[in-house]
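Open the model in your viewer and keep the selection panel at hand. This tour says what to pick next and what is there.

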Amino acid sequence: MKVLACIKRVVDYNVKVRVKADNSGVDLANVKMSMNPFCEIAVEEAVRLKELSIKEGRVATEIVVVSIGPTTAQEQLRTALALGADRAILVESAEDLTSLAVAKLLKAVVDKEQPQLVILGKQAIDSDNNQTGQMLAALTGFGQGTFASKVEVAGDKVAVTREVDGGAQTVSLSLPAIITTDLRLNEPRYASLPNIMKAKKKPLEVLTPDALGVSTASTHSTLKVEAPAARSAGIKVKSVAELVEKLKNEAKVI
Amino acid sequence: MTVLVLAEHDGVGIASATLNTLAAAGQIGADIHLLVAGQGLGSVAQVAAQIAGVAKVLVADNAAYAHQLPENLAPLVAELGAGYSHILAAATSNGKNILPRVAAQLDVDQISEIISVVSADTFTRPIYAGNAIATVQSTAPVKVITVRATGFDPVAAQGGSAAVEAVAAVHDAGTSSFVGEVLAKSDRPELTAAKVVVSGGRGMQNGDNFKYLYALADKLGAGVGASRAAVDAGFVPNDMQVGQTGKIVAPQLYIAVGISGAIQHLAGMKDSRVIVAINKDEEAPIFQVADYGLVADLFDAVPELEQAV
């Protein structure tokens, strides 16, 4: 079984971003960039599926990791290779693409690679769209197991337990299928130094949207990006009694 | 311009988030049709027809639409929705699951989790965990949008008299099937709709200690939430998580107990009207957004608060 894991280079999750003064976007100059946390979980799940299939004596899984983004996204692909992916594909695009454009590019990669399972993060922490996996599922016609907290492959099916508003739901999908990861699917491992060194020798193929024959035109335009309204600083109360008094008489919320 | 709204329901009633979504549809300023899809929908259709402002209720009642599987539902919404100017759904786990699939089938970009309607083609939405607000314009022939419920006041559930029309189209992709579900049971108000929310974090130390929050919540008629740290540590189930990747709440009063206030948690609650923080670490970032902060041991403060309210 071949698994395709999709990753995105985003601003590190610990960074407090600042909006540019001209409201054209968020200032990403000299800001730490990392692999999107949900994508790390996708890579980890792919590696675990491969380890499991080797243990069970089945044909070893090949893990192909793919990213759509700038040249610098090669750093994140190398990280994924160090974590256990076998080879990498970068579809290079300098512009900021919409989720639909990314899904179309991934569809072209899926057509080329013919994986049995495609694993993506449920959302990128920059755009917060939560769309790409579902769109890729629509374009390929595959079933989708979004917000996955458990994945079990058996024969030509995959059982996915999903985190839904009221609790958990399990669906069974025919392979090939699309899965998007929730935070509780697994705990990603760290790359060891020897693996980081080995990853430098693993193959990394660079493609372009043109070479894949995909148009990335969009029906979207971002007119401006602003800082959210700041909350005015509050006060510290000294006792529970004072807190209750303030909530009753000043804020009038209880 | 006619707007199609995909209803979220549990087979008996319409989810409150759909009422907020209908309010957003109303601001787009058009006729509103509500699509109810599922299996065994008799009473839901009647409930839907009474919602204020809905002109028509479309009912797709078929076994293929039970459990809202997106592989079957998305083709239906795309087929019906192609004739509308906008397709809206609440940004619940269901809405997020289905709508991007609809957008891709219609070959248009989707706008996720809008918090305001600027005009019929322009909307605002939070990005970067709510640390920036983007104003987005769409030129798509059909605008596919999910709506953050806390951004809009709900429409009245009563007072309407919509026509009810059956939809015959059946799509069954055969690529997925429902196996089962485990839903958390609670008598407390639903987190996303509660007027008061009491949340606990890592400072609660274990799941048993959440009983202090439940006691306080019951006194206040509040919902109970949690930070990711509390969920990951296994104190409480994940459907209680408030934050960027959990539920978004904006109650009248949010009481954060033993929560440090990481960016990802603030993304889910910083639009609350009044925020109270109880934490023994006076440097905790939560105090920077709290209207009222109390530096105290939560195991003393929470029972005392419960007695006092």
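First, the ground rules. This is a predicted model, in which local features need pLDDT of at least 70 and side-chain atom pairs count only at pLDDT 80 or more, while totals for chains, interfaces and linings use all residues. Residues are numbered from 1 along each chain as its sequence is written, chains are lettered from A and ligands numbered from 1 in the order in which they are written, and side-chain values use heavy atoms, without hydrogens and water.

**The interface.** Select the residues in contact (heavy atoms within 4.5 Å). Chain B gives 82 and chain A gives 77. The two chains bury about 6600 Å², 52% of it on carbon and sulfur atoms. Buried area is the accessible area (1.4 Å probe) lost on putting two parts together, summed over both. Now pick D109(B), Y128(B) and Y292(B): they supply 12% of the area that chain B buries against chain A, more than any other three residues.

**A salt bridge.** Go to K104(A) and D107(B). Their side chains form a salt bridge at 2.7 Å, N to O. The rule wants a side-chain nitrogen of Lys or Arg within 4 Å of a carboxyl oxygen of Asp or Glu. It finds three across this interface.

Pairing takes at least two DSSP bridges; strands are DSSP runs (E, at least two residues), numbered from the N terminus. V225(A) faces A134(B), and T222(A) has V136(B) as bridge partner. Widen the view: the open sheet runs β12(A)-β8(B)-β7(B)-β6(B). β12(A) and β6(B) stand at the edges with a single partner strand each, so one side of each lacks a neighbour in the sheet.

Key: Helix = DSSP H or I, 4+ residues; strand = E, 2+ residues; numbered from the N terminus.
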